[in-house]
Amino acid sequence: HDYIRNNAECFVTLLEEIKHHKDIKLVYASSSSVYGDTSPIPFKEDDCADKPSSIYGASKRMDEMIAHVYHHLYAIPSIGLRFFTVYGPWGRTDMAPYKFAEAIMNGYEFDEHYLPDGNDMKRDFTYVDDIVQGIQRAFLYHVSGGVEVFNIGRGNPVAVPDFVGILEKFIGKTAWRNRVVAEDTEVPITFADITKARELLGYSPSTSLEEGVGILVDWMKWLKDFQKEVPPGSSYE
């Protein structure tokens, strides 16, 4: 599976190099997906995270466990950051916020997942600048115990239909939603308890959802106009 290769095998390759350069400080991307759908709400770093709901979540949990092993064997300190539903300019276009926005802008239908019991899924949408703040503060933090993990989120889950509604507001168009039942890999809610990151890192997310979505939509409009001006065959297409 690609996730195992990209997230576990490549992580081991990186650690094998770092063990020869002990002056390197390792801060790596983990994910809220490690919590699965059995962890108490909100998610805390010391909750049991051994029942992820997806291969992706399992691969990220493997990273955290492998980091523990390399600290035990080679004294490599590390910090894993469990990111929560990152969105903003220059993000991955295969992620839900971008797929939703693009569909609304272009006027075509998209799938909006809901839970088997009929309730809406909720996500702790976190703007990219707040994520970057967490990364920067992690690099300044001294890991006294050798390995650490921190939740980096906004700490305020929002129903997915409400997020789509904010996109509609800023794009100025109505979404064509196809409501479908979520797959088993989807969790009902992601909700970061950021108390640990606040107290130890000084992490403090400051971007409201409306502000962040507005910036995202402006960027997507700019990108769409820019791509129209790019010559055919250019690497910027």
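Tutor: What covers the buried residues of helix H5 includes helix H3 (96-106), strand S4 (110-114), strand S5 (122-123), strand S8 (158-159), strand S9 (177-181) and helix H7 (209-229). The model is a predicted one, and the buried residues of H5 in it are Val160, Pro161, Phe163, Val164, Ile166, Leu167, Glu168 and Ile171. The helix itself runs over residues 160-171, and its 12 residues reach 17 Å from the first C-alpha to the last, close to the 16 Å expected at 1.5 Å a residue. H5 is followed by Gly172, whose phi is positive, near 85 degrees.

Among the buried residues of H5 is Glu168, and this residue belongs to a network of salt bridges that links Glu112, Asp120, Glu168, Arg177 and Arg179. Within that group, the side chains of Glu112 and Arg177 meet in a salt bridge, at 2.8 Å from N to O. Because Glu112 lies in strand S4 and Arg177 in strand S9, this pair ties together parts that are 65 residues apart in sequence. Glu112 counts as buried, since its relative accessibility is 1%, whereas Arg177, at 29%, counts as partly exposed.

The closest N and O atoms of Glu64 and Arg61 are 2.7 Å apart; Glu64 is buried, with a relative accessible area of 1%, while Arg61 is partly exposed, with 23%. A search of the whole structure finds 11 salt bridges.

Arg154, in the loop between strand S7 (147-152) and S8, is buried yet has no salt bridge. The nearest side chain of opposite charge, that of Asp124, is 4.8 Å away, and a salt bridge would need a side-chain nitrogen within 4 Å of a carboxyl oxygen. What the side chain of Arg154 does have is a polar atom 3.2 Å from the backbone oxygen of Phe125. Leaving aside neighbours within four places in sequence, Arg154 is in contact with Asp124, Phe125, Thr126, Ile194, Pro205, Thr207, Ser208 and Leu209.

Methods
Residues are numbered from 1 along each chain as its sequence is written. This is a predicted model: local features need pLDDT of at least 70, side-chain atom pairs count only at pLDDT 80 or more; totals for chains, interfaces and linings use all residues. Side-chain values use heavy atoms; hydrogens and water are left out. Helices (H or I, at least four residues) and strands (E, at least two) are DSSP runs, numbered from the N terminus. The expected span of a helix is 1.5 Å times one less than its number of residues. Buried means under 20% relative accessible area, exposed over 50%, partly exposed in between (1.4 Å probe, protein chains only). Contact means heavy atoms within 4.5 Å. Lys and Arg count as positive and Asp and Glu as negative; His and the chain ends are not counted. A polar contact is a pair of N or O atoms within 3.5 Å; within protein, one must be able to donate a hydrogen and the other to accept it, and residues adjacent in sequence count only if both atoms are side-chain atoms.
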